[in-house]
Amino acid sequence: MNTYKLTLLAIFAALGIVGRAVVVFIPNVQPVTALIIICGILLGPVSALLLSLIVTFLSNMLLGMGIWTVWQIVTWGLIGIICGLLGKVFKKIHTVVIVLIGIISGYFYGFIISLTTYQVTGKFWPYYILGLPFDTYHAIGNAVFIILLYPIITHLLRKYANDRFCIQQQI
């Protein structure tokens, strides 16, 4: 973990925290899952895991802490680790595949978060089934945020990496 990666992680975290706070009025639609997926693919599993921890903790300080906070960290952490490993194995992943990962992640997130209700009430299936429309909002939101953010973030990272490489060659 170098200064460059820490700076990128801070930018991703700021985007996630502010983005989550800005769209809080839309149920289950927020950019955090999409940013963790993008971070995992571009920066690796450790960065994505750290991002999930930072964004969840800091944004929940604004939006409210609860038993779900631990499960959010676990779920987003798993999504980040899986995407980070995919990014290491496959150097080039097409945007359509990343969008599909985002859609699947929306439903996976809803499934794991529904387990928190089982922890409290002992009832899982009614809560999970009634939550499927919200998981669908999350999945669609992930797809939209990935379509909007992935090309921009990869372009900026490539541009910065190229500029940095040119500057290092001149020195």
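**Figure 1. Surface of the predicted model.** Accessible areas come from the Shrake-Rupley method with a 1.4 Å probe. The model shown here is predicted. The accessible surface of the protein is about 9600 Å². Carbon and sulfur atoms account for 76% of that surface. Of the 171 residues in the protein, 42% are buried.

Figure 2. The protein has six helices and zero strands. Its pattern along the sequence reads α-α-α-α-α-α. The radius of gyration is 17 Å, close to the 16 Å from the globule rule for 171 residues, so the protein is as compact as a globular protein of that length. The C-alpha trace spans about 65 × 30 × 30 Å along its principal axes.

**Figure 3. Contacts across the sequence.** Here we look at contacts between residues at least 6 apart in sequence. Of these contacts in the protein, 75% join residues at least 24 apart.

**Figure 4. Helix 2 against helix 3.** Two packed helices are described by the angle between their axes and the distance between the axes. Helix 2 covers residues 32–43, and helix 3 covers residues 45–63. Their axes come within 7 Å and cross at roughly 155°. Angles over 145 degrees count as roughly antiparallel, so helix 2 is roughly antiparallel to helix 3. The crossing of the two helices is right-handed.

**Figure 5. Residues where helix 2 meets helix 3.** Helix 2 brings Val32, Leu35, Ile36, Cys39, Gly40 and Leu43 to this meeting. From helix 3 come Pro45, Ser47, Ala48, Leu51, Ser52 and Val55.

Technical notes
Residues are numbered from 1 along each chain as its sequence is written. This is a predicted model: local features need pLDDT of at least 70, side-chain atom pairs count only at pLDDT 80 or more; totals for chains, interfaces and linings use all residues. Side-chain values use heavy atoms; hydrogens and water are left out. Helices (H or I, at least four residues) and strands (E, at least two) are DSSP runs, numbered from the N terminus. The radius of gyration is taken over C-alpha atoms; the globule rule is 2.2 Å times the number of residues to the power 0.38. Buried means under 20% relative accessible area, exposed over 50%, partly exposed in between (1.4 Å probe, protein chains only). Contact means heavy atoms within 4.5 Å. Axes are lines fitted to C-alpha atoms, for helices over the stretch in contact, and angles run from 0 to 180 degrees between N-to-C directions. Angles under 35 degrees count as roughly parallel, over 145 as roughly antiparallel, 65 to 115 as roughly perpendicular and the rest as oblique. A crossing is left-handed if the near helix is turned anticlockwise from the far one by less than a right angle, and right-handed if clockwise.
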